Amino acid sequence: MNIWFINHYSLTPQEAGGTRHYSLASRLIEKDHQVTIIAASYNHWTRQNNHCAPGSIDQASVIDGIQFIWLRTPPYTANPARVFNMLTFAWHLRFAGLLDTYGKPDVIIGSSPHLFAAYAAERLAAANHIPFVLEIRDLWPLSLMRLGNFSSRHPFIFILGKLELYLYRRARLIISLLPEADAHFVNHGAPADRIVLLPNGTDLSFFPPPEKPVDKTFFSIYYAGTLGLANGVQSMVDAAAILQQRGWGEKIRFFFLGEGPDKKALIRRCREENLQLVTFLDPVAKHDVQKQLCQADAFILTLKKSDLYRFGMSLNKLYDYLAMGRPIIFGGQTPHNPVAETGAGFVVPAEDAQAMANAIVKLASLSGDERWAMGQLGRKYIEKNHDISHLGDLLEKRLLDVLS
């Protein structure tokens with residue numbers, strides 16, 4: 001097969017962030033398929049435009065046997081400019097003559113979160129009689145309403161809602177990352193027999209079997225990911241403040257690894273409140289992230305308080321944490337929570353800083369062997385259920401079904 005992934009925000013292992021499609025593509029190439037990933041030149045996390053030469057609309061590069069096509073998109077810092085960035089990507093995808101330049105694929109996979117790219121991918125596929133597959137990584141527009149406080153009557157939400165209905169009906173296959181989202185898709189017009197679960201996974205080539213943490217004079221808690229509203233990072237800093245007030249400042253350290261719209265405000269808050277147990281680290285490329293995360297004694301993350309998570313979750317950072325063989329403090333209630341199901345850490349209510357602080361103290365009070373045993377439960381779960389190689393094999397099978 002010749003497969004095109006359309007993902008506005010796709011990244012390579014040389015960049016910081018999720019590499020789902022790179023890893024799936026690597027597995028498909030191992031099985032003698034051709035794979036192209038089409039992404040935007042402007043990096044959403046670093047705010048840099050590195051991939052397209054000046055004056056060019058598109059530029060190709062081959063990375064580890066995968067052809068990346070970068071489409072030029074404008075920079076942005078605020079939402080209106082970001083929407084223009086999305087629309088520019090969709091326009092170039094549809095009208096830049098990519099098939100004339102790069103040949104015709106056998107199947108096109110259009111991936112969310114934003115639906116303009118998926119719509120342009122569907123239109124490109126339909127115009128050239130190519131099967132179209134829709135991948136839903138985030139339930140837009142529902143996520144924007146639940147987490148971004150958009151009104152259901154907002155014109156932007158109305159347009160996205162129409163695109164959502166259209167795409168569910170047009171897709172030959174719907175790939176969902178969320179284990180309980182089938183009812184949502186069916187209620188919005190998707191045929192039930194076209195839905196397949198393909199969650200996020202971990203490329204274990206980036207995460208070799210872990211070793212026990214080295215003993216330190218303090219207990220280190222790491223968060224690695226986006227520092228933004230949807231990630232509940234403020235409540236983790238609240239937990240740090242509680243622990244410092246309780247006198248744990250010399251014994252516990254928080255490390256926040258990543259970028260995001262809230263990072264400057266978080267740094268300013270920690271400086272103003274003199275939170276000496278919090279350190280902010282710059283993001284690292286995916287192929288270097290294991291070297292950074294192995295410094296952790298434990299990991300932490302929380303969901304936002306929202307009924308959105310009744311559909312389940314598929315968080316890249318969670319699977320990477322589990323692959324590292326460290327225990328996890330997880331905030332939130334959601335179906336199919338591997339931390340709760342495997343005993344790989346402690347689960348507390350979403351954004352509950354007091355409960356997080358208590359769980360951290362409890363975890364820090366365990367012996368190193370007890371924490372190591374908890375972490376190994378998570379590692380075994382990942383190897384069995386979320387190895388990206390197995391997920392790539394499943395994707396291959398379903399794509400072959402689409403083409404048969």
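Leaving aside its neighbours within four places in sequence, which residues is I252 in contact with?

Mentor: I252 is in contact with F218, F219, I221, L243, L277 and I360, once neighbours within four places in sequence are left aside. Contact here means heavy atoms within 4.5 Å.

Some ground rules come before the rest. This is a predicted model, in which local features need pLDDT of at least 70 and side-chain atom pairs count only at pLDDT 80 or more, while totals for chains, interfaces and linings use all residues. Residues are numbered from 1 along each chain as its sequence is written, and side-chain values use heavy atoms, with hydrogens and water left out.

I252 is found in strand β10. Strands are DSSP runs of E with at least two residues, helices are runs of H or I with at least four, and both are numbered from the N terminus. With a relative accessible area of 0%, I252 is buried. Buried means under 20% relative accessible area, exposed means over 50%, and partly exposed lies in between (1.4 Å probe, protein chains only). L322 is 70 residues apart from I252 along the chain, and 21 Å separate their C-alpha atoms.

Two strands pair if DSSP finds at least two bridges between them. β10 covers residues 252-257 and pairs with β11 in the parallel sense over 4 bridges.

β1 and β2 (residues 34-40) run parallel, joined by 5 bridges, and F5 stands opposite I37 in β2. β2 and β4 also run parallel, with 5 bridges between them; here the bridge partner of I37 is F68 in β4. β4 (residues 66-71) has 5 of its 6 residues buried, so it is largely enclosed by the rest of the structure. β3 and β4, in contrast, run antiparallel and are joined by 6 bridges, with I63 standing opposite I66 in β4. The hairpin of β3 and β4 has 2 residues between the strands, and D64 takes a positive phi near 55 degrees there.

Further along this sheet, β5 (residues 107-111) and β6 pair in the parallel sense over 4 bridges. I109 stands opposite V133 in β6. β6 (residues 132-136) is mostly covered, with 5 of its 5 residues buried. In a regular strand the side chains alternate between the two faces of the sheet. In β6, F132, L134 and I136 point one way and V133 and E135 the other way, and all are buried.

Two loop residues follow. S10 lies in the loop between β1 (2-6) and α1 (20-30) and counts as buried at 6% relative accessibility. Leaving aside neighbours within four places in sequence, S10 is in contact with H21, I37, A39, F68 and W70. T19 has its place in the loop between β1 and α1 and is buried, with a relative accessible area of 6%. Not counting residues up to four places away in sequence, T19 touches L11, T12, P13, F206 and K286.

The axes of α4 (residues 115-127) and α6 (residues 155-170) come within 10 Å and cross at roughly 40 degrees. Such axes are lines fitted to C-alpha atoms, for helices over the stretch in contact, and angles run from 0 to 180 degrees between N-to-C directions. α4 and α6 are therefore oblique to each other. Angles under 35 degrees count as roughly parallel, over 145 as roughly antiparallel, 65 to 115 as roughly perpendicular and the rest as oblique.
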